[in-house]
Amino acid sequence: MRVAVSERRLRVYRTDAVVLNRRDWGEADRLVTLFSPAYGKIRAVAPGARKPQTRKSGHLELFTRGHFVLARGRTFDKITQAETLDYFPNLRANLSSVGRAALVCELVDRFVEEGDENPPLYDLLVRTLGRLNANDAPDVALLFYLSHLLALVGYQPNLFRCAVCGQLLRPADHFFSVEEGSVVCATCGDALPLHSVSLPVLKVLRFLQAEAWPRVRRLRLDTDTYRRAEGLLQAYVAYLLEREPRSVRFLREV
Ligand SMILES: [Zn+2]
């Protein structure tokens, strides 16, 4: 979605957005991190949102997609109106759903700078929250999300050519280098401290990259292949972010 320059300068603007994060701010306010299609990540104050009688606070729940009216401010913009579009109630139904949704939102927050618009990433975020809420193959939905998020923020892993010798990989067990964001062939990676990537895992990762959700959701993975594929994507994410996301630790503990 393109926004005209004149519209960007408007003092008041409105947008759909997902609540990625929120924390208490001052006496009765909240500081909310939103992700919107046209304005990217927005940090905004919701004045009075912690007062019990306020109607706004219910529309500022984590993981909620809403419609917001904001006024530009010097440090933070201010949320003047909020209305819920999708509450995604099942995301809060149990700890593993909370953990997955928290990871999905935390990664957008960490990978995206304020003001960087990325409409395809917004679309992926909303669809992923919808899939998790519908309990639509949630494990595979998370893998699909990780794979496509990496591509949309510019870190799509190279799964075809060895980062060292440049050869196309033959169908066999190989390695993955998080520093290179790339596979390394069995010969070149032999003496290096790399993550191993078995042929079944490599096939799953390529399938996630290449296929759309309707085919991916039918993927049936054995637990070991799932764990290894997820572990590899998580290791790459943790390397890029320079530490493991908080919600990954949470997910491991629930
Ligand atoms: Zn090689």
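These legends accompany a set of close-up views of one predicted model.

The model is predicted, so local features are given where pLDDT is at least 70 and side-chain atom pairs count only at pLDDT 80 or more, while totals for chains, interfaces and linings use all residues. Residue numbers start from 1 along each chain, following its sequence as written.

View 1. Helices (H or I, at least four residues) and strands (E, at least two) are DSSP runs, numbered from the N terminus. Let us begin with H5, residues 199-210: its 12 residues should span 16 Å at 1.5 Å a residue, and its end C-alpha atoms are 16 Å apart, which agrees. The expected span is 1.5 Å times one less than the number of residues in the helix. Val201, Leu202, Val204, Leu205 and Leu208 are the buried residues of H5. They fall within an arc of 160° seen down the axis, so they line one face of the helix. Here buried stands for 20 or more other C-beta atoms within 10 Å of a residue's own, exposed for 12 or fewer, and partly exposed for anything in between, with C-beta atoms placed from the backbone. The arc is that of the directions from the helix axis to the C-beta atoms. The cover over these buried residues includes helix H4 (138-152), strand E6 (174-177), strand E8 (195-197), helix H6 (213-216) and helix H7 (223-241).

**View 2. Where H4 crosses H5.** The axes of these two helices come within 9 Å and cross at roughly 70°. H4 is therefore roughly perpendicular to H5. Axes are lines fitted to C-alpha atoms, for helices over the stretch in contact, and angles between N-to-C directions run from 0 to 180 degrees. Angles under 35 degrees count as roughly parallel, over 145 as roughly antiparallel, 65 to 115 as roughly perpendicular and the rest as oblique. On the H4 side look for Leu143, Phe144 and Ser147, which meet Leu205, Leu208 and Gln209 in H5. The residues of this contact of H4 with H5 divide into four nonpolar, two polar and no charged. Two residues are in contact if their C-beta atoms, placed from the backbone, lie within 7 Å. Ala, Val, Leu, Ile, Met, Phe, Trp, Tyr, Cys and Pro count as nonpolar, Asp, Glu, Lys and Arg as charged, and the others, Gly among them, as polar.

**View 3. The two sides of helix H7.** H7 has 19 residues and reaches 26 Å from its first C-alpha to its last, close to the 27 Å expected at 1.5 Å a residue. Ala229, Glu230, Leu232, Leu233, Tyr236 and Val237 are buried in H7. These residues cover an arc of only 155° around the axis, which puts them on the same side of H7. On the other side, Thr223, Asp224 and Gly231 are exposed. Glycine 231 has 12 C-beta neighbours inside 10 Å and so counts as exposed. Its C-alpha atom is separated by 9.9 Å from that of leucine 143, 88 residues apart along the chain. Helix H2 (95-111), H4, E6, E8 and H5 are among what covers the buried residues of H7. Just after H7, glutamate 242 takes a positive phi of about 70°.

**View 4. H2 beside H3.** The axes of H2 and helix H3 (residues 119-133) come within 10 Å and cross at roughly 175°. The two helices are therefore roughly antiparallel to each other. H2 brings Ser97, Arg100, Ala101, Val104 and Val108 to the contact, and H3 brings Leu121, Leu125, Thr128, Leu129 and Leu132. Seven nonpolar, two polar and one charged residue make up this contact of H2 with H3. Leucine 125 is buried, with 25 other C-beta atoms within 10 Å. Beyond its neighbours within four places in sequence, leucine 125 is in contact with Val18, Phe35, Val104 and Val108. The buried residues of H2 also pack against strand E1 (12-25), strand E2 (29-36), H4, H7 and helix H8 (246-253).

**View 5. Two loop residues with positive phi.** Phenylalanine 88 sits in the loop between strand E5 (77-86) and H2. Its phi is near 50°, a positive value in a residue other than glycine. Phenylalanine 88 is buried, with 22 other C-beta atoms within 10 Å. Alanine 137, in the loop between H3 and H4, has a positive phi of about 45° although it is not a glycine. With 19 C-beta neighbours inside 10 Å, alanine 137 counts as partly exposed.
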